[in-house]
Amino acid sequence: MTLYNNILVVVDATGNELTRARVTEFVKLNGRSVHLVYLAPEYMVGETLVSMPVSKHADEMQQYIDRLHAEGVEVRGEIMSSNWFGRGDAVLELAHSVSADLIILNTEQGGQRAKAQLAAIVARNSPQIAILIARSTAP
C-alpha cells in the first residue's frame, strides 16, 4: 500500500549521496509515482542572467532517475530554472499540474535559509499538499 499517489521530488546539484539515498528509500516505500524536478541554478553577473550548461544537469538528473528506476519506482523528470524570485511559484505550478499529493524538498542551493524560504512559500500557497524537507546530512 502506498501513502501517496504522486510525489514531486525537488532536487539540485548540491544534494549529497546519503540524503538522496534516504529520499530514494522513502519514495520507494511510500509513493506510486514520482515526478523529479531538478533545479538548475542561475546567477546574475552584472545585469546578465547566466546558467550552467544543461548537459551537466541532465547527467545528474538522469543518474537520480536511473537510481529510482532500479528500485522499481515509476519516475519522470525535468529540469527547471531555479531563479530565486519565482522558484516557489514554479514548484507549486508543477505540483498542481502533476497532481502531487506530497512535495519533497531536497535542495541545498543557497543553504538552509533558502530551503526554508522555499518550503514556506510552498506551504503558505498550497496547504492541501504535504511537504517533506529532506535535511542535509553529512556527505
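Helix α1 (residues 17-30) has 14 residues and spans 20 Å from first to last C-alpha, close to the 20 Å expected at 1.5 Å a residue. The expected span is 1.5 Å times one less than the number of residues. Helices (H or I, at least four residues) and strands (E, at least two) are DSSP runs, numbered from the N terminus.

This is a predicted model: local features need pLDDT of at least 70, side-chain atom pairs count only at pLDDT 80 or more, and totals for chains, interfaces and linings use all residues. Residues are numbered from 1 along each chain as its sequence is written, and side-chain values use heavy atoms, without hydrogens and water.

**Exercise 1.** Find the buried and exposed residues of α1.

*Solution.* Buried means under 20% relative accessible area, exposed over 50%, partly exposed in between (1.4 Å probe, protein chains only). Step one: Thr-19, Arg-20, Val-23, Thr-24, Val-27 and Asn-30 are the buried residues of α1. Step two: seen down the axis of α1, they fall within an arc of 155°, so they line one face. The arc is taken from the directions from helix axis to C-beta atoms. Step three: the face turned away carries exposed Glu-17, Arg-22 and Leu-29.

**Exercise 2.** Work out which strands pair with β6.

*Solution.* Pairing takes at least two DSSP bridges between two strands. Step one: β1 (residues 4-12) runs parallel to β6, with 5 bridges. Leu-8 stands opposite Ile-103. Step two: β7 (residues 130-133) is also parallel to β6, over 4 bridges. Here Ile-104 faces Leu-132.
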